[in-house]
Amino acid sequence: MKKPTGNIESSSKKLTEMSVSQGQFTLNRKPIDVKLQAWEAADEYLLKYVDEQNLLAEPLSLLIINDAFGALTVALAAYKPTTMSDSYLAQQAMMENLSANELDPAALKFNNGLSLPAKAFDLVLIKTPKSHALLEFQLRLLKPSIGANTIIIASGMSRSIHNKTLQLFETIVGPTTTSLAWKKSRLIFATPNLSLEVPFANSSDRFVLETNRSFNISSHANVFSRGRLDEGSQLLIEHMPINEQYRDIADLGCGNGVLGIIASSLNKPSSIIFADESYMAVSSAKQNFGEAFGKSIKAHFKVTDCLHGVEDESIDLVLNNPPFHQLNAIGDAIAWQMFIDARRVLRKDAALYVVGNRHLGYHTKVKKVFGNCEMITSNQKFVVLKAVKQ
Ligand SMILES: C[S@@+](CC[C@H](N)C(=O)[O-])C[C@H]1O[C@@H](n2cnc3c(N)ncnc32)[C@H](O)[C@@H]1O
């Protein structure tokens with residue numbers, strides 16, 4: 001553990017040096033972005049509060065939920081927290097940031113948030129997620145791990161804490177209050193009411209996808225466009241390439257798997273890879289694909305960063321609707337990496353199909369990576385692009 005500075009206001013101006021009550025730590029985002037900090041005021045506020053209120057007396061059974069890049073996990077590593085997140089990038093960032101601070105990455109107790117063994121925690125720290133569906137799912141999951149004396153504190157930037165956020169704490173956990181704002185962030189305090197009846201709710205959302213046949217698509221709480229088909233995905237589906245040469249397909253950033261499922265239905269490939277950095281996405285894709293095709297097509301489901309771990313020159317068609325933001329930051333670093341990885345895994349003469357918002361300018365990026373880029377179709381909002389590996 002680094003030497004405590006004790007003074008939060010002496011925060012270093014360097015974007016990678018986080019100075020909080022527990023000490024000074026080096027923190028990077030994943031993917032690394034030198035222009036963006038890997039933590040926010042809501043992390044600093046929470047760390048300051050737990051220190052000032054002496055909530056860190058050992059032994060402590062500590063659970064941290066939705067830590068974005070490890071600010072909380074690294075600063076509180078001495079208390080051996082369990083960390084719960086849906087994000088593989090967050091998990092990787094935590095390990096890298098533990099290493100960067102001479103802490104043991106192998107000690108990370110990571111839980112992917114799909115289930116949580118019922119174990120009572122003394123202190124639960126939550127970064128409020130943008131999605132209310134995810135928060136609701138997580139609070140319900142947490143319920144059996146809350147005892148009468150469990151302290152539950154959430155934090156978030158004030159702009160992302162809504163009445164609905166507080167209502168979820170109130171109805172699932174118990175009486176809820178908030179702190180004053182500090183650097184545009186707030187804390188939420190929820191006091192457990194163990195006699196609160198919380199009716200069962202199925203957290204997955206579902207819709208029927210109609211093409212040459214009907215597919216039931218269900219999605220866990222944190223999955224992109226979980227209640228309906230995204231307009232961009234729809235445009236790509238309407239122009240889904242069909243070619244008997246497409247033996248091996250990859251659905252990159254698969255979400256609930258809609259693109260790969262339709263491609264499988266139209267192309268009958270011998271194998272398909274579904275890849276996403278969200279554990280909930282990959283789990284949803286697996287369920288949806290299994291329901292549609294059983295074991296008739298060989299399918300691999302990978303929680304990974306872009307196509308990391310997929311063999312070079314092993315794929316005939318990559319389908320991709322890239323993310324255009326990571327948490328609250330809009331950026332194209334992940335899209336770039338997706339195009340680079342797509343080119344790497346494609347065989348010669350094989351193709352990448354991308355759909356994106358027109359204003360994102362994917363055409364230029366794809367052309368830079370592949371040396372060619374053709375527009376297949378467009379409407380007022382979206383464009384479908386094709387690039388061929390030469
Ligand atoms: C715009 S959504 C598309 C989802 C799905 N393909 C569809 O069309 O509905 C982008 C997806 O990329 C995933 N993603 C974001 N960053 C990623 C990364 N580094 N590696 C793999 N997937 C990522 C997100 O979790 C999300 O599911």
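Tutor: Let's take confidence, domains, strands, cores and salt bridges in turn.

Tutor: This is a predicted model, where local features need pLDDT of at least 70, side-chain atom pairs count only at pLDDT 80 or more, and totals for chains, interfaces and linings use all residues. Residues are numbered from 1 along each chain as its sequence is written, and side-chain values use heavy atoms, with hydrogens and water left out.

Student: What pLDDT does the chain average?

Tutor: The average is 93, and 96% of the residues score at least 70. pLDDT is the predictor's confidence in each residue, from 0 to 100. Over residues 1–12 the pLDDT is below 50, though in the model this stretch has 31 contacts beyond near neighbours in sequence. Contact means heavy atoms within 4.5 Å. Where pLDDT is low, the predicted coordinates should not be read in detail.

Student: OK. Which domains is the chain divided into?

Tutor: Domain 1 covers 8–190 and domain 2 covers 205–388; the bounds come from an automatic or database domain assignment. Their C-alpha centres lie 31 Å apart.

Student: And how many residues are in contact between domain 1 and domain 2?

Tutor: 22 residues of domain 1 are in contact with 19 residues of domain 2.

Student: Which strands do bridges join to strand 15?

Tutor: Strand 12 (residues 248–252) is joined to strand 15 by four bridges, and the two run parallel. Strand 18 (residues 346–357) also runs parallel to strand 15, with five bridges. Two strands pair if DSSP finds at least two bridges between them.

Student: What stands opposite what there?

Tutor: Leu252 is opposite Asn320 in strand 15, while Val318 is opposite Leu352 in strand 18.

Student: Now the largest nonpolar core. Which residues touch the most other members?

Tutor: Met18, Leu62, Leu76, Leu123, Leu125 and Ile153 do, out of 38 residues. A nonpolar core here is a set of buried Ala, Val, Leu, Ile, Met, Phe, Trp, Tyr and Cys residues joined through side-chain atoms within 4.5 Å.

Student: Where does the largest share of this core come from?

Tutor: Helix 1 gives the largest share, six residues.

Student: What does Leu62 touch?

Tutor: Leaving out residues up to four places away in sequence, Leu62 touches Leu76, Tyr79, Pro81, Thr82, Phe121, Leu123 and Leu125. Apart from that core lies another, of 32 residues, among them Phe207, Leu235, Leu259 and Ile262.

Student: Charges next. How many salt bridges does a search of the whole structure find?

Tutor: The search finds 14, a salt bridge being a side-chain nitrogen of Lys or Arg within 4 Å of a carboxyl oxygen of Asp or Glu. Take Lys127 and Asp43, whose closest N and O atoms are 3.0 Å apart. This pair links distant parts of the chain, with Lys127 in strand 6 and Asp43 in helix 1, 84 residues apart.

Student: Why does Lys127 count as buried?

Tutor: Because its relative accessibility is 6%. Asp43 is buried as well, with a relative accessible area of 4%.

Student: What about Lys183 and Glu44?

Tutor: They form a salt bridge too, with the closest N and O atoms 3.5 Å apart. Lys183 is partly exposed at 41% relative accessibility, whereas Glu44 is buried, with a relative accessible area of 5%.

Student: And which residue does Glu231 meet in a salt bridge?

Tutor: Glu231 meets Lys381, at 3.2 Å from N to O. The pair links distant parts of the chain, 150 residues apart: Glu231 sits in helix 6 (residues 231–238), and Lys381 in the loop between strand 19 (374–378) and strand 20 (382–388).

Student: Last one: is Ala148 buried or exposed?

Tutor: Exposed, because its relative accessibility is 54%. Ala148 is in strand 7, and Ala148 touches Pro192 and Leu194, not counting residues up to four places away in sequence.

Conventions: Buried < 20%, exposed > 50% of the residue type's maximum accessible area, 1.4 Å probe, protein only.
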